[in-house]
Amino acid sequence: MLNQTFFYSELKKNGVTFFTGVPDSYLNGFCNYLMENAAGNEHIIAANEGNAVGIAAGHYFATGTLPLLYMQNSGMGNAVNPLASLADKNVYSVPMIWLIGWRGQPGTGDWAQHQLQGEITAKLPEILNIPYDILSNDEEKTAKQLAWACQTAMQNRCPVALIAPKGVLAGEKKPTPPDTCYPMSREEAIEAVLDCMPADTIYSATTGRATRELYFLRERRNESHACDFLNVGSMGHASSVALGIALAKPARPVVTFDGDCACMMHMGALTMVSKLNVPNFLHIVLNNGAHESVGGQPSAGFLVDFTAIAKASGYATLDHAVTEKEEIAAAVDILRKAGKAAFLEIRIHKGLRGKLPPLDISHEGLITELMNELQGKECE
């Protein structure tokens, strides 16, 4: 692992004055260093990767100095449009350093949702005509790479990409201790909803720990996985998958377990219910105010009134978040009788109940089971 002080100092020495992006487990050492050492508005955690490109561009337009945007490679797709149609030399020629955590790097082994993205990570900068290099743990080599990247970006007024393989910028993996800001854990909130919904309810769980906790709750409760969609990738899209199911199966209750960061990543999805009749759809945001799965960096979750936004977008709401386990059954009962798509924010604390195993699943097996359930087919 590179020394984070060294890496940060070399960036500053080469003219990088501003940092923005979406936290990543492969970059969590660097992200946490920024949290502790970047002053004031020098470091902004963005809602999504495209948002980070725009913020970085605005910083350059206002100051003429070099920004850095960081992300996991799974977020590169969100960044492609503004990189190609805002930062490109044929448009506004915006210099920036694009720091990418390389999940799914070929030959290293990773979960299925990272495989294709890992294979195309180095190809996307090439397609976008963005110069790039791959970082290593060699500080002397890294110093030269950073000098080259910053000089190239500013001289040519273009983005330059630096790809960080596993272990290069990741800090020591530490458990996130539960806080005490709200009494419920995510697992407790999920189970409380399971307890008060009909047995045939379809659930869509967002990327990260919500998918794992739903899966292992089903195991612990000796329940089938046939009614569950585990959105292990495509962060921010679990609610859209659930909405698609709810529209196609109006007789089935459909619940999405969203996260505060996932909901903010593609918040425009909330507005879809304003023009649709989906009274069987319940959208739940489990808000712990953090990017917990990738290091616990704070989000804007506790600063945002999700309920007001959802109400303005066309959802039925309670006009407030719930924080106690005992409130959930009553809230769900009211919202299910609302006659339209409904929204519930549950504020929870960070942390896990205990050690949670990796989600080692057959994606094909799970999706086949869900499709058979939804389409009324006998399992083969």
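User: Which elements do the buried residues of H4 pack against?

Analyst: This is a predicted model, in which local features need pLDDT of at least 70 and side-chain atom pairs count only at pLDDT 80 or more, while totals for chains, interfaces and linings use all residues. Residues are numbered from 1 along each chain as its sequence is written, and side-chain values use heavy atoms, with hydrogens and water left out. Helices (H or I, at least four residues) and strands (E, at least two) are DSSP runs numbered from the N terminus, and contact means heavy atoms within 4.5 Å. The buried residues of H4 pack against helix H3 (49-63), E3, E4, helix H5 (112-120), helix H6 (123-127) and E6.

User: Which residues of H4 are buried, and what arc do they cover?

Analyst: Buried means under 20% relative accessible area, exposed over 50%, and partly exposed in between, with a 1.4 Å probe and protein chains only. By that rule Met-76, Ala-79, Pro-82, Leu-83 and Ala-87 are buried in H4. They lie on the same side of H4 because the arc they cover around the axis, taken from the directions from the helix axis to the C-beta atoms, is only 125 degrees.

User: Which exposed residues does the face of H4 turned away from its buried side carry?

Analyst: On the face turned away from the buried side of H4, the exposed residues are Gly-77 and Asn-81.

User: How far apart are the end C-alpha atoms of H4?

Analyst: The expected span of a helix is 1.5 Å times one less than its number of residues. H4 has twelve residues, and a straight helix would reach 16 Å at 1.5 Å a residue, but the end C-alpha atoms of H4 are only 14 Å apart.

User: What is the order of the strands in the open sheet?

Analyst: Strands of a sheet pair through backbone hydrogen bonds, either parallel or antiparallel. Two strands count as paired if DSSP finds at least two bridges between them. In this open sheet of six strands the pairing is parallel, and the order is E2-E1-E3-E4-E6-E5.

User: Which residue in E2 is the bridge partner of Phe-19?

Analyst: Strand E1 (residues 16-21) runs parallel to E2, and three bridges join them. The bridge partner of Phe-19 in E2 is His-43.

User: Is Ser-93 buried or exposed, and what is its relative accessible area?

Analyst: Most residues other than glycine have a negative phi. Ser-93, in the loop between helix H4 (76-87) and E4, has a positive phi near 50 degrees. Ser-93 is buried, and its relative accessible area is 15%.
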